[in-house]
Amino acid sequence: MQSEIKLVSDADELSRVGAAEFEHLARNAVQARGRFTVSLSGGSTPRGLYSRVAQAGQNLPWDKIYFFWGDERHVPPDDKDSNYRMARESLLSHAPIPPDHVFRMHAEDKDAARVADQYEQTLMQFFGLKPGELPRFDLVLLGLGPDGHTASLFPGSAALRERSRLVVANWVEKFGHYRLTFTAPVINNAAEVMFLVSGEEKAPALQSVLYSDAPPEQFPAKLIQPVNGRLIWLVDRAALPGSSALQSKPA
Ligand code: 6PG
């Protein structure tokens with residue numbers, strides 16, 4: 001695994017650098033394999049990156065890009081908390097993306113386990129997987145919570161230990177809700193994983209994830225170690241204070 005930290009000055013530069021990486025990977029993947037598969041992250045950090053990507057216009061081969069989500073809240077697609085809604089507002093509705101290239105989780109279904117099962121089938125069909133095989137996304141975007149969670153892999157939750165399923169409904173005690181999430185093996189099979197981490201509230205968790213020997217049960221983002229891919233930590237100075245520019249992450 002190749003792992004690196006890209007240190008940027010602030011959230012705006014993070015969006016700009018992240019969008020440039022997205023576009024670079026998309027063009028390369030389409031040129032090499034005829035398509036670009038990307039798993040979007042939720043929360044608020046990616047919004048600026050998505051908006052910039054949407055402005056790429058003809059510089060991107062939109063008809064060869066396929067959009068998925070690494071996690072979703074257990075809410076309808078028009079809910080204020082929906083990760084799909086955030087991506088639709090900031091990216092999907094501002095670019096010429098064929099509707100059948102957007103694979104959202106049908107989280108309006110009250111049965112969270114069924115949502116996970118259906119999305120797992122969607123991945124199996126799209127990537128042509130046999131049972132036991134993993135999808136290989138060209139890019140998985142991730143955020144980091146102040147508690148060290150990523151996607152919807154929360155500290156102490158059952159999904160952290162899942163090694164055979166692709167997508168699960170993960171009960172998150174502190175919310176009293178289910179979340180839908182990729183499991184760590186799916187994320188770790190990606191060609192590239194890029195964390196987007198901005199703001200001082202993330203600094204303690206980022207420090208623990210990058211430099212402490214705390215267990216992944218406590219800081220689930222530590223589970224993310226691509227088995228044959230690139231790991232980029234795109235972080236701003238507020239999230240990683242006292243760092244020199246462009247340092248590589250310790251092994
Ligand atoms: C979600 C995300 C989650 C998010 C982090 C950071 O569904 O909320 O997938 O993992 O990336 O919580 O969220 P912010 O970007 O809002 O800080």
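Which residue has a polar side-chain atom that lies 3.5 Å from an oxygen atom of the ligand? This tour of a predicted model begins with that contact.

Select the ligand together with arginine 179. A polar side-chain atom of arginine 179 is found 3.5 Å from one of the ligand's oxygen atoms. Next, select lysine 202, where a polar side-chain atom lies 2.6 Å from an oxygen atom of the ligand. Then turn to glycine 42: here a polar atom of the backbone is 3.5 Å from a ligand oxygen atom. On its own, the ligand has 420 Å² of accessible area, and the protein covers 89% of this.

**Second stop: the shell.** Now display the residues around the ligand. There are 15 of them, and the closest are Thr45, Asp71, Arg73, Ala151 and Lys202. Colour this shell by class to see 9 polar, 4 charged and 2 nonpolar residues.

**Last stop: the strands.** Which strands each supply at least two residues of the lining of the largest pocket? Select residues 71-73 for strand E4 and residues 139-142 for strand E5; each of these strands contributes at least two residues to that lining.

Conventions:
Residues are numbered from 1 along each chain as its sequence is written. This is a predicted model: local features need pLDDT of at least 70, side-chain atom pairs count only at pLDDT 80 or more; totals for chains, interfaces and linings use all residues. Side-chain values use heavy atoms; hydrogens and water are left out. A residue is near a molecule or strand if one of its heavy atoms lies within 4 Å of it. A polar contact is a pair of N or O atoms within 3.5 Å; within protein, one must be able to donate a hydrogen and the other to accept it, and residues adjacent in sequence count only if both atoms are side-chain atoms. Accessible areas come from the Shrake-Rupley method with a 1.4 Å probe; for residues, only the protein chains shown count as cover. Ala, Val, Leu, Ile, Met, Phe, Trp, Tyr, Cys and Pro count as nonpolar, Asp, Glu, Lys and Arg as charged, and the others, Gly among them, as polar. Helices (H or I, at least four residues) and strands (E, at least two) are DSSP runs, numbered from the N terminus.
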